[in-house]
Amino acid sequence: MKAPKDQHFLIDTDAVDFIADSVPIQGRTVLEVGPGGGVLTAALLERGANVRAVELDGTLLPNLELRFEEELSTGQLTITRGDASKVPLPAFDLVIANLPYSISSKITFRLLEIGFETAVLMYQWEFAKRMVSPPGDGEYGRLSVMVQTYADVDLILKLPPQAFNPPPEVDSAVVKIIPHEPPVKILNRDVHSVLVRELFSHQRKTIQNGLKGMKSIYGEEIMAKLISSLQKDLLGKRPEMLSIVDFIELANRLTDLL
């Protein structure tokens, strides 16, 4: 079922408890994106979290303000109106949320850039699978590389459509994300991001042909130098065969030439 405004409210109480108990939150400041009807919000507050909620849909605010009048008055809960992928976010330690699926990628990358201790987030099942896929797997792609470069990612719960109201058309998954430093130092994160994006945008091409296609970005001379410095076995591979470290080292070689 297509939900209005991308809203699928979690109604499975066991799942709510599982998510709320997945990381210690008493006394911690937790960012919740898209509180909706407040079911998860209530579970977080009951466990002693200070919740900083961000909600785009203004029609949901009156119910949230009425339901959590006491917590709002004490400051245990604050609600920011706006799109969490764009608006300034309040300070937080942890992130626990049933994300609107349409902003899954945007908000995940934004959160990784801002920084946090741990995130427990709900995604569409297929999106979550791509996040955790290893090199050589059919699901391994740009999302896999960019997330795994900066975090450990674990799929901790799978949920059927019936766990939500209205039910989505696909299964969902809860993913735990713990940030870490990249396994190898990245000399220029922008170059790394562009390289990963461009190579996976031509996923059927070899690395050599993918790099040739980047001459419009970095110039033909630079890309020719990079290609000539690489081993033939690497140049003959396709992007899905490269490891997280392979992408970093390739980006660092390119950075050194710029």
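Y140 and F200 are both buried (buried means under 20% relative accessible area, exposed over 50% and partly exposed in between, with a 1.4 Å probe and protein chains only). The structure is a predicted model, in which local features need pLDDT of at least 70 and side-chain atom pairs count only at pLDDT 80 or more, whereas totals for chains, interfaces and linings use all residues. Residues are numbered from 1 along each chain as its sequence is written, and side-chain values use heavy atoms, with hydrogens and water left out.

A pair of aromatic rings is described by the distance of the centres and the angle of the planes. Rings of Phe, Tyr and Trp (for Trp, the six-membered ring) pair if their centres lie within 6.5 Å; planes under 30 degrees apart count as stacked, over 60 as edge-to-face and the rest as tilted. The structure holds three aromatic pairs. Y123 and F127 are stacked, because their ring centres are 5.1 Å apart and their planes stand at 20°. Y123 is buried, with a relative accessible area of 0%, and F127 also counts as buried, at 10% relative accessibility. Y140 and F200 form an edge-to-face pair, with 6.2 Å from centre to centre and 75° between the planes. Y140 lies in the loop between α6 (125-132) and α7 and F200 in helix α8, so this pair ties together parts that are 60 residues apart in sequence. Helices (H or I, at least four residues) and strands (E, at least two) are DSSP runs, numbered from the N terminus. Y140 and F200 also belong to one aromatic cluster with F247.

The buried residues of α8 are V191, H192, V194, L195, V196, E198, L199 and F200. These buried residues pack against α7 (142-150), α9 (207-212), α10 (215-218) and α13 (244-257), where contact means heavy atoms within 4.5 Å.

Among the buried residues of α8, E198 has a charged partner: its side chain meets that of R197 in a salt bridge (3.0 Å, N to O). A salt bridge is a side-chain nitrogen of Lys or Arg within 4 Å of a carboxyl oxygen of Asp or Glu. E198 counts as buried at 14% relative accessibility, whereas R197, at 34%, counts as partly exposed. Elsewhere, salt bridges that share partners join D17, D21 and R47 into one network.

The structure holds nine salt bridges. In one of them, D93 pairs with R28, the closest N and O atoms being 3.7 Å apart. This pair links distant parts of the chain, 65 residues apart: D93 is in the loop between β4 and β5, and R28 is in the loop between α1 (13-20) and β2 (29-33). Both partners are partly exposed, D93 with a relative accessible area of 25% and R28 at 24%. K158 forms a salt bridge with D171, the closest N and O atoms being 3.7 Å apart. K158 lies in strand β7 (residues 151-159) and D171 in the loop between β8 (164-165) and β9 (172-179), so the bridge ties together parts that are 13 residues apart in sequence. K158 is partly exposed at 42% relative accessibility, as is D171, with a relative accessible area of 28%. The charged end of K158 also sits over the ring of W125, 4.1 Å from its centre; the criterion is NZ of Lys or CZ of Arg within 6 Å of the ring centre and within 35 degrees of the ring normal.

Y123 lies in strand β6 (residues 118-124). Leaving aside neighbours within four places in sequence, Y123 is in contact with L99, Y101, S104, T108, A128, M131, S172, A173, V175 and I177. With T108, the side chain of Y123 makes a polar contact of 2.7 Å (a pair of N or O atoms within 3.5 Å; within protein, one must be able to donate a hydrogen and the other to accept it, and residues adjacent in sequence count only if both atoms are side-chain atoms). A84 lies in the loop between β4 (77-81) and β5 (94-98) and is buried, with a relative accessible area of 3%. Not counting residues up to four places away in sequence, A84 touches V33, V54, L89, I107 and R110.
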